[in-house]
Amino acid sequence: RERAQFSNMTTLALAAALTWAAGPSPQTPIRVSCVGDSITSEGFNMTYSLQLQRLLGDGYIVTNQGVSGHTMLNTGLCASGTAGSWRRPCLQTASNPQCSGNCSYWGTAPFVNVTQSNPDIITIMLGTNDAKWCNWYGAPNGLPSGNGTQFGNDYVKMITLFKALPSRPKVYVVLPPPAVSQCKATGPAGNASICLAYNMSYHAINVIYPVLQRKIAAVAGADGVIDVWTALNGTNISTHATMDGIHPYPPALGVIAHTIAKAIAPTAVTGVGK
């Protein structure tokens, strides 16, 4: 079953690489800004923003505004943690270092770029780094611990700020991809001794976010919620889809691109899954 899911993801990635929108381009291209973390910024020539550009065609200009390791939280901490991989799937929780420094997306150069580039559409896919234990259960996220109080407040503020830009862009909340442990001994949730890569909270990403981020979108008046989490099969995500249980390989990035494309420009996309 996992092999079949992975094959489908590969098909979508190839479709993103080879498919172009049909028909004439508008005189003024529609500008799309993709806000996010390393899942947005990384992937070489197969980032989901580049695959999205290929899907939408030259009637759109898609820019990658991702910053690796950064948070929605305005006081989010930096924590590289322990990276996992298929070679090292069972990560000891005790091996994670203390968090420190400023890793908030707010105020970064890409954040400023978004506010100054007159975007027509903004997609926000932040939260994975907020789910690191020191951020999600620590002081940056406020009280009660683990509820996402400050995360929600900061997310609403960002949506509100973006929607008030002079270009009056449409703003979409994108649910982050699933996050799982690749340790067969514990299963996808890990346990008290075995953590997800970078000490991410399985509960925050897979249980809280799919509900909380929809509520945030409704409160802030976002233009829609794009469910990448479900598109990647939630906690049943293929073990072949990510390098470490967190970061998608190009085929899974293709699924993200296609899911976003269908949400923001359903008439512009041709090919698989339309």
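**Chat about a predicted fold**

Trainee: Does Asp 58 count as buried or exposed?
Mentor: Asp 58 counts as exposed, because its relative accessibility is 57% and the cut-off for exposed is over 50%. Keep in mind that this is a predicted model.

Trainee: Where is Asp 58 found?
Mentor: Asp 58 is in the loop that runs between helix H3 (48-56) and strand S2 (60-66).

Trainee: And how far apart are Asp 58 and Pro 29 in space?
Mentor: Their C-alpha atoms are 7.2 Å apart, while in sequence the two residues are 29 residues apart.

Trainee: OK, overall picture. How many helices and strands does the chain have?
Mentor: There are nine helices and seven strands. The chain has 274 residues, and 54% of them are buried.

Trainee: What share of the contacts join residues at least 24 apart?
Mentor: That is 80%, taken among contacts between residues at least 6 apart in sequence.

Trainee: Now the sheet. What is the order of the strands?
Mentor: The order is S2-S1-S4-S5-S7, an open sheet of five strands with parallel pairing. From one strand to the next, the twist averages 25°.

Trainee: Which strands stand at the edges?
Mentor: S2 and S7. Each has a single partner strand, so one side of each has no neighbour in the sheet.

Trainee: Start at the S2 end. How many bridges join S1 and S2?
Mentor: Seven bridges, in the parallel sense, with strand S1 covering residues 30-36. Within that pairing, Ser 33 stands opposite Thr 63 in S2.

Trainee: What does S5 pair with?
Mentor: S5 pairs in the parallel sense with strand S4 (residues 121-125), over four bridges. S5 also pairs with strand S7 (residues 224-226), again in the parallel sense, over three bridges.

Trainee: Which residues stand opposite Val 173?
Mentor: Val 173 in S5 has Ile 124 opposite, and Val 225 in S7 is opposite Val 173 as well.

Trainee: Is S5 mostly covered or uncovered?
Mentor: S5 (residues 170-174) is mostly covered, with four of its five residues buried.

Trainee: Which helices lie across the strands?
Mentor: Among them is helix H4 (residues 109-116), which lies across S1, S2 and S4 and runs at about 150° to S2. Helix H9 (residues 250-264) lies across S1, S4, S5 and S7, at about 160° to S7.

Trainee: Switching to H7. Where does the kink lie?
Mentor: The kink is at Ile 208, shortly before the proline Pro 210, and comes to about 60°.

Trainee: What should H7 span, at 1.5 Å a residue?
Mentor: The 19 residues of H7 should span 27 Å, and the end C-alpha atoms are 25 Å apart, which agrees.

Trainee: What do the buried residues of H7 pack against?
Mentor: They pack against helix H5 (133-136), H6, S5, S7 and H8. The buried residues of H7 include Ile 208, Tyr 209 and Pro 210.

Trainee: What follows H7?
Mentor: Gly 221, with a positive phi near 75°.

Trainee: Charges next. How many salt bridges does a search of the whole structure find?
Mentor: Two. In one of them, the side chains of Lys 163 and Asp 223 meet at 2.9 Å, N to O. That pair links distant parts of the chain, 60 residues apart: Lys 163 is in helix H6 (residues 149-163), and Asp 223 is in the loop between helix H7 (202-220) and S7.

Trainee: Why can side chains like that pair at all?
Mentor: Opposite charges can pair when the charged atoms come close.

Trainee: How exposed are Lys 163 and Asp 223?
Mentor: Lys 163 is partly exposed at 24% relative accessibility. Asp 223 is also partly exposed, with a relative accessible area of 35%.

Trainee: What does Arg 214 form a salt bridge with?
Mentor: With Asp 227, where the closest N and O atoms are 2.9 Å apart. Arg 214 lies in helix H7 and Asp 227 in the loop between S7 and helix H8 (228-231), so the pair ties together parts 13 residues apart in sequence. Arg 214 is partly exposed, at 37% relative accessible area.

Trainee: Last one. Is Thr 40 buried or exposed?
Mentor: Thr 40 is buried, because its relative accessible area is 0%, and buried means under 20%. Thr 40 is in helix H2 (residues 38-41).

Trainee: What does Thr 40 touch?
Mentor: Leaving aside residues up to four places away in sequence, Thr 40 touches Cys 34, Val 35, Thr 47, Tyr 48, Asn 64, Gly 66 and Met 125.

Conventions. Residues are numbered from 1 along each chain as its sequence is written. This is a predicted model: local features need pLDDT of at least 70, side-chain atom pairs count only at pLDDT 80 or more; totals for chains, interfaces and linings use all residues. Side-chain values use heavy atoms; hydrogens and water are left out. Buried means under 20% relative accessible area, exposed over 50%, partly exposed in between (1.4 Å probe, protein chains only). Helices (H or I, at least four residues) and strands (E, at least two) are DSSP runs, numbered from the N terminus. Two strands pair if DSSP finds at least two bridges between them. Contact means heavy atoms within 4.5 Å. A salt bridge is a side-chain nitrogen of Lys or Arg within 4 Å of a carboxyl oxygen of Asp or Glu. Axes are lines fitted to C-alpha atoms, for helices over the stretch in contact, and angles run from 0 to 180 degrees between N-to-C directions. The expected span of a helix is 1.5 Å times one less than its number of residues. The bend at a residue is the angle between axes fitted to the seven residues ending there and the seven starting there.
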